Amino acid sequence: MNAQTVAAPARETVIEVRGLINRFGTQTVHENLDLDVYRGEIIGIVGGSGTGKSVLLRTIIGLVRPIAGEVRVFGENLLSLSDERRSQVERRFGVLFQSGALFSSLTVAENIALPLIEHAGLPRMDATRLAGVKLALAGLPVDAGRKYPSELSGGMIKRAALARALALDPEILFLDEPTAGLDPISAAAFDSLIVTLRNALGLTVFLVTHDLDTLYSTCDRVAVLSQKRVLAAAPIDEVARTDDPWVQAYFNGPRGRAATFAAHKGKD
Amino acid sequence: MTTPSLPGSATLSRDAGGARLALSGDWTLLHYMELQARANELAGTVGNDVKVDLHAVGAMDTSGAFVIAELLGSQRTQALSQDESLPPARRALLKTVGDAIDTYCKGVKKPRDAGFVVLLERIGKAMGSFWKQTLKLLAFIGITLQGFASTALRPKHWRVTAVVAQIEQTGLDAVPILALLSFMVGAVVAFLGSTALASYGASIFTVDLIGFAFLREFGVLLTAILLAGRTASAFTAQIGSMKAREEIDAIRTLGLDPVELLVLPRVLALLVSLPLLTFIAMIAGIVGGGVVCLAVLKMSPSMFLSMLQEDMSLTQFLVGMAKAPVFAFMIGVIGCMEGFKVSGSAQSVGEHTTSAVVQSIFVVILLDALAALFYMEMGW
């Protein structure tokens, strides 16, 4: 589908957020928030706890209805579409939830085969075979497919959930804290997996994270959520120079300096 | 999106230069079935010397790449991903999918055919698990008894508050539903008795029927079945969700004994409340039967009571009541044991709750039948 349009200008906008306002009770989470995400990039969303990173993600995928403002994904406002049309758009993105959200009553392979059977209408046999390939893409052995989510380790759950998010070959991948709770080695492996998949499948990746190493090793651009809006959205070195107390504390704190050092050492 | 997508096609041609496989169209999930069918047709005919041409292919995703990689085999997929004339994105896709299949998909086994052997296997497994289940139940009964024995002489370890709270939940809260249920069953038994005995002109003995039924069997059986449904399931769900959230492990690591903390108060509470409830059920059942006797048989209350007093000995009451603690113990132990067997998921909590109810009702009725045999032989 997108192969014909590959020749289009490099900065095609796939997600467009304009004047977004989110409020829960009297607490305002987002106030006139604007954000653009371009095709093929990995954008990292950072911000302190409670700045509404996950709420932003959930608003974009249409799980939260904003008070005001507009969210366009592939140029369509999800909330104003008919159910059928919305489902068609939703098939073009995959979501990896923070704790995986694998269906605990299905095996891993069945979890991945489910969207293939329901949406692509494949027979169970073919869906299961394809599920095996998705598992392999996410770096899991095939016999993991026969296990139930409760039998997997944290890192394997993330990979299995990633395989399910990739089931329908989405164009945009939403990741909510993909490396949270993983050991540094698994986290690094997951980071490089995301970059590999982006390069191979031409994905656009929307990445909510706290992990500075992930930011440095994967993201093309970083958007900082602070003071209820996007404070900056630019390549990471540029963002790190932004004159804002939170940004400075984040990137130039002890952990930030260590990650910067590691990233620059890696490049040399 | 802009142009309607054409299903991918593959053409095998032979000329002077050798065989040539030309692919075109879109190789995407949308057309997966057609692609797979075409690949199956070609599977045997694509030799090792075939030149593969991917230049006319439109869109390709992992599903399409998978079909191609499977058709060509890993070596030629790797060779294809080195082909400089293809766009880099496509080569990366082919390489990634090819690698994925190579590395991980070797262990795929064909699912076995279902049949007679599978049936036998399942029967064997079911018997095996029944045996294991019985052993586990016996083991858990042992653990519980041991817990009782070790805490009995150490009043510090008595969880009085927990026991009282459990008695309220399992006993007091169950009184209304149990009384109503027994009252209605008593009325039904009286109706049945009066109709059946009327043909012998003996409808007066409906009183004895009600008395025997409720003192010996129905009082305790109704209570036990109600508590098996109401309390065993609650025990399993409470302990099971604690197990799923690692709270049981936390209890262990704090140096505490989960049996002493969770099982003993519950079993003890049932041991107290089930006999009390049984008594209430007996009374409610007899009252229900009595109301029918008064209304249908036009008996006077004093006649009903004096008949009851004459014909029912204390033995009848004791024989029924003696079963109550046994049932209470089994229901409590099965409810708690199933809770401890829960693993991880929410589904598991549900499965074990069901299993607890089924098992405890089964055990209650089994023990009741054995007791009836025993009492008969003893002439009680």
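B:E70 and A:R129 join their side chains in a salt bridge, 3.1 Å from N to O. In this predicted model, the rule finds 1 salt bridge across the interface of chain A and chain B. Over all chains, the structure holds 20 salt bridges.

**Interface of chain A and chain B**

- Across this interface there are 4 residue pairs in polar contact, with both residues at pLDDT 80 or more.
- Chain A brings 29 residues to the contact, and chain B brings 28 residues.
- The two chains bury about 2,500 Å² between them. Carbon and sulfur atoms give 68% of that area.

**Salt bridges within chain A**

- Side chains of opposite charge can pair when their charged atoms come close.
- A:R39 and A:E12 form such a bridge, with their closest N and O atoms 2.7 Å apart.
- This pair links distant parts of the chain, 27 residues apart. A:R39 sits in the loop between β2 (27–38) and β3 (42–46) of chain A. A:E12 sits in the segment before β1 (13–24) of chain A.
- A:R39 has a relative accessible area of 21%, so this residue counts as partly exposed.
- A:E12 is also partly exposed, at 31%.
- A network of salt bridges links A:E12, A:R39, A:R92 and A:E171.
- A:R92, a member of that network, also lies over the face of A:F74, at 3.8 Å from the ring centre.

**Salt bridges within chain B**

- B:R159 and B:E260 form a salt bridge, with 2.7 Å between the closest N and O atoms.
- The two partners are 101 residues apart. B:R159 lies in the loop between α5 (116–152) and α6 (160–170) of chain B. B:E260 lies in helix α10 (residues 258–296) of chain B.
- B:R159 is partly exposed, at 32% relative accessible area. B:E260 is buried, at 9%.
- B:K323 and B:E217 meet through their side chains in another salt bridge, 3.3 Å from N to O.
- B:K323 belongs to helix α12 (residues 314–341) of chain B and B:E217 to helix α8 (residues 206–244) of chain B, so this pair ties together parts 106 residues apart in sequence.
- B:K323 is buried, with a relative accessible area of 4%. B:E217 is partly exposed, at 21% relative accessibility.

- A:R221 belongs to strand β8 (residues 221–226) of chain A.
- A:R221 counts as buried because its relative accessibility is 10%, below the 20% cut-off.
- Leaving aside residues up to four places away in sequence, A:R221 touches a set of residues that includes A:R11, A:D36, A:V37, A:Y38, A:E41 and A:I42. Also among them are A:A233, A:A234 and A:P235.
- Its side chain reaches the backbone oxygen of A:D36 at 2.8 Å.
- The side chains of A:R221 and A:E41 are joined by a polar contact of 2.9 Å.
- A:A138 is 83 residues from A:R221 along the chain. The C-alpha atoms of these two residues are separated by 23 Å.

**Aromatic rings**

- The whole structure contains 10 aromatic pairs over all chains.
- One pair is A:Y250 with A:F251, edge-to-face. Their centres are 5.0 Å apart and their planes 85° apart.
- Both partners are buried: A:Y250 at 14% relative accessibility, and A:F251 at 1%.
- In chain B, the planes of B:Y375 and B:W380 meet at 40°, so this pair is tilted. Their ring centres lie 5.8 Å apart.
- B:Y375 is buried, at 8%, whereas B:W380 is partly exposed, at 45%.
- A:F93, A:F174 and A:F206 make up one aromatic cluster.
- In chain B, the charged end of B:R266 sits over the ring of B:F235, 5.6 Å from its centre.

Technical notes:
Residues are numbered from 1 along each chain as its sequence is written. Chains are lettered from A and ligands numbered from 1 in the order in which they are written. This is a predicted model: local features need pLDDT of at least 70, side-chain atom pairs count only at pLDDT 80 or more; totals for chains, interfaces and linings use all residues. Side-chain values use heavy atoms; hydrogens and water are left out. Rings of Phe, Tyr and Trp (its six-membered ring) pair if their centres lie within 6.5 Å; planes under 30 degrees apart count as stacked, over 60 as edge-to-face and the rest as tilted. Buried means under 20% relative accessible area, exposed over 50%, partly exposed in between (1.4 Å probe, protein chains only). A charge sits over a ring if NZ of Lys or CZ of Arg is within 6 Å of the ring centre and within 35 degrees of the ring normal. Contact means heavy atoms within 4.5 Å. Buried area is the accessible area (1.4 Å probe) that two parts lose on being put together, summed over both. A salt bridge is a side-chain nitrogen of Lys or Arg within 4 Å of a carboxyl oxygen of Asp or Glu. A polar contact is a pair of N or O atoms within 3.5 Å; within protein, one must be able to donate a hydrogen and the other to accept it, and residues adjacent in sequence count only if both atoms are side-chain atoms. Helices (H or I, at least four residues) and strands (E, at least two) are DSSP runs, numbered from the N terminus.
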